[in-house]
Amino acid sequence: MIADNAHKILDTVAEICLQVGRDPRGVTVLAAVKTVEPHRILELVGTGIDTIGENRVQEFVDKYPFVEGKFRQHFIGSLQTNKVKYLVGKVDLIHSVDRAELLREIAARSQKQGVTTDILLEVNAGCEPNKSGVFPQELPDLAQAAIETQNVRVRGLMCVLPIDAPERLYADMQRLHADFNAAYDAPVLSMGMSNDYRTALKYGATLVRIGRGLFGDRAR
C-alpha cells in the first residue's frame, strides 16, 4: 500500500509539473515520517522516494539506526537549540531555522565536528502569531546573519502555509523565493504537504513534504 501510494504521488507530481512547464526531476518528494515505524518507512525503498523527514528529534534518534544509509534524512520540525547536537553530522538538511540563536548553535556544533550543515530558513508566510518562522519582512536580517555564519550553508526557504490558504500566499512565497535565490543562490523551496502539494507545485515548490498521502492518518 505504501509503495502504491508513493507511485501515485510521484505520478501526480510529474503530471502537475508537465502541466505548468516544469521538469519533474527538479522536485523532491520527501516522506514525512512523524510517528511512522521504521519497518513501514523501509517500504519506500525502491519506490523513487529516497528522502525522509522527521519532526521530532527523539524519533530521529530512535529510528536512525534502522534507516541510516537507506535515505537522505532531513529534519523538518521546530528545533530547540539543546537538541541540535543530535542532528548535526547526521541529517542532510535542516528545514526549520527561524532565529539567530538556532543558527549560531547549528554553526557551533558544525564547527566542532568539522562539517558544514545545509539549512533552510523558515518563513511564516501567513504571518500567523502562533506559528514558527520569520515573517517575510524579517527574512533579510536572518538571511544576512546566515550568510555571514561559518559552517552553515543556506540552501533555500521553507514554509508551512495556513490551512485553506489563498493561492496569493503561494504566489507571494514563489516571488519571495525567486528574489532570495537570485541573491543567495539558494534554489530549494520546501512548500506543500499532503493537502496542498498540488497547489505548491504550481507555484514553484522544489520539495514537497508528504505524510498522510503516503502512510495514511498518523498515530497520535
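Author: Start with Lys63, which counts as buried because its relative accessibility is 8%, under the 20% cut-off. This is a predicted model. The side chain of Lys63 meets the side chain of Glu59 in a salt bridge, at 2.7 Å from N to O. Glu59 is buried too, with a relative accessible area of 14%. Both residues belong to helix 3, residues 57-67. They sit four residues apart there, about one turn of the helix. Side chains of opposite charge can pair when their charged atoms come close.

Glu54, Arg56, Glu59 and Lys63 are linked in a network of salt bridges. Across the whole structure, a search finds 12 salt bridges.

Now take a pair in helix 4, residues 100-113. Glu105 and Arg109 form a salt bridge through their side chains, 3.1 Å from N to O. About one helical turn separates them, because they are four residues apart in that helix. Their surroundings can be read from their accessibility. Glu105 has a relative accessible area of 22%, so Glu105 is partly exposed. Arg109, at 27%, also counts as partly exposed.

Another salt bridge joins the side chains of Asp92 and Arg72, at 3.8 Å from N to O. This pair links distant parts of the chain, 20 residues apart. Arg72 lies in strand 3 (72-75). Asp92 lies in the loop between strand 3 and strand 4 (93-97). Asp92 is partly exposed, with a relative accessible area of 29%. Arg72 is partly exposed as well, at 43%.

Finally, look at helix 6, which runs over residues 167-184. Does its length agree with its residue count, or disagree? At 1.5 Å a residue, its 18 residues should span 26 Å. The C-alpha atoms at its ends are 25 Å apart, which agrees. Which of its residues are buried? They are Leu169, Tyr170, Ala171, Met173, His177 and Phe180. Just after helix 6 comes Asp185, with a positive phi of about 50 degrees.

Key: Residues numbered from 1 in each chain as written. Predicted model: local features only at pLDDT ≥ 70, side-chain atom pairs only at ≥ 80, totals over all residues. Heavy atoms only, no water. Helix = DSSP H or I, 4+ residues; strand = E, 2+ residues; numbered from the N terminus. Expected span 1.5 Å × (residues − 1). Buried < 20%, exposed > 50% of the residue type's maximum accessible area, 1.4 Å probe, protein only. Salt bridge = Lys/Arg side-chain N within 4 Å of Asp/Glu carboxyl O.
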